[in-house]
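The following note sets out points on helix packing and on the surroundings of the ligand. Each point is meant to be read beside the coordinates.

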Amino acid sequence: MNKALRKAVIAGNWKMNKTPAETTALINEMKPLVADAGCDVVLCTPFVDLQAALEATAGSNIGVGAENCHFEKSGAFTGEVAAPMLTEMGVQYVIIGHSERRQYFGETDETVNKRTLAALENGLTAIVCVGETLTQREQGVTAELVAMQTKIALLNVTAEQLKKVIIAYEPVWAIGTGRTATAEQAGEVCALIRATVASLYGKEAADGLTIQYGGSMNAGNAEELLAQPDVDGGLIGGASLKAPDFAAIVKAASK
Ligand code: PEP
């Protein structure tokens with residue numbers, strides 16, 4: 001596998017943190033720290049913070065993403081936000097199928113697929129999350145499960161659209177727990193995801209796909225995780241809420 005074929009992407013997932021005013025302050029703190037990044041830098045924020053994030057990042061090297069989008073263009077879906085609404089604002093990325101959405105809000109592989117398609121049809125880059133629970137890892141079904149999640153998420157995604165897909169491998173047991181997958185575990189599953197994508201779209205397309213690891217990535221472990229041949233970046237929760245920590249991960253990915 002050839003890392004030179006794809007750009008590293010470090011994306012923050014702020015989850016349900018930060019008000020609009022706090023968003024402006026944190027981004028202003030981050031901007032100079034990541035200005036010379038040798039990788040793509042993205043911050044995914046709560047919907048109400050997106051406008052502040054877009055204004056604060058204007059003219060910088062930081063892209064802005066949402067944390068979810070609905071699969072319909074519009075309609076009676078109280079509390080949801082549609083992909084065209086995000087595109088019109090200038091949002092470029094959206095996280096789809098985060099394990100917290102699957103766990104607490106009933107997301108299924110099918111809705112992840114529908115949301116992925118909606119994001120892509122509206123020109124967004126979809127950061128599609130896959131990953132196993134601790135029980136599933138212990139049952140020895142990680143490979144099958146992650147391959148299945150990847151295949152279903154990509155149903156009806158064209159080869160052209162795949163260019164705007166990032167897959168984030170996020171073992172559920174490592175998210176927000178401080179328990180990181182070892183570099184070997186992360187590398188092994190990311191390689192499996194790439195092989196799965198190769199079986200669907202061919203080797204060249206798979207070699208061009210950015211695959212992130214997410215799960216307690218921090219300033220201390222980023223370099224080792226990112227050194228794995230199939231780990232092209234990170235989806236960062238907790239550490240993306242602290243400018244120096246996030247900048248250190250960006251630096252590790254820029255090497
Ligand atoms: C995440 O929310 O996607 C994540 C990886 O969180 P954390 O870095 O806090 O484990």
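1. H7 passes H9 in a right-handed crossing. The model in which this crossing is described is a predicted one. H7 covers residues 142–153 and H9 covers residues 183–201; their axes come within 10 Å and cross at roughly 45°. The two helices are therefore oblique to each other.

2. On the H7 side, the residues that meet H9 are Thr-142, Ala-143, Val-146, Ala-147, Thr-150 and Lys-151. Their partners in H9 are Val-189, Leu-192, Ile-193, Thr-196, Val-197, Ser-199 and Leu-200. By class, this contact of H7 with H9 comprises eight nonpolar, four polar and one charged residues.

3. H7 also packs against H5, the helix of residues 109–121, at an angle of about 40° and with the axes 8 Å apart. This angle makes H5 oblique to H7. From H5, the contact draws on Asp-109, Glu-110, Val-112, Asn-113 and Thr-116, while H7 supplies Met-148, Gln-149, Ile-152 and Ala-153. The residues of the contact of H5 with H7 divide into four nonpolar, three polar and two charged.

4. A further helix pair is formed by H1 (residues 20–34) and H2 (residues 50–57), whose axes lie 9 Å apart at an angle of about 30°. Since angles under 35 degrees count as roughly parallel, H1 and H2 are therefore roughly parallel to each other. H1 passes H2 in a right-handed crossing.

5. Which residues of H1 meet H2? They are Pro-20, Thr-23, Thr-24, Ile-27, Asn-28 and Lys-31, and they face Ala-52, Ala-53, Ala-56 and Thr-57 in H2. The contact of H1 with H2 has five nonpolar, four polar and one charged residues.

6. For Lys-15, a side-chain N or O atom is 2.8 Å from an oxygen atom of the ligand. In the case of Glu-170, the distance from a side-chain N or O atom to a ligand oxygen atom is 2.7 Å. The side chain of His-98 likewise has an N or O atom 2.9 Å from an oxygen atom of the ligand.

Definitions and conventions: Residues numbered from 1 in each chain as written. Predicted model: local features only at pLDDT ≥ 70, side-chain atom pairs only at ≥ 80, totals over all residues. Heavy atoms only, no water. Axes fitted to C-alpha atoms, helices over the stretch in contact; angles between N-to-C directions. Helix = DSSP H or I, 4+ residues; strand = E, 2+ residues; numbered from the N terminus. Parallel < 35°, antiparallel > 145°, perpendicular 65-115°, else oblique. Left-handed = near helix turned anticlockwise from the far one by under 90°. Contact = heavy atoms within 4.5 Å. Nonpolar A, V, L, I, M, F, W, Y, C, P; charged D, E, K, R; others polar. Polar contact = N/O pair within 3.5 Å; in protein donor to acceptor, adjacent residues only side chain to side chain.
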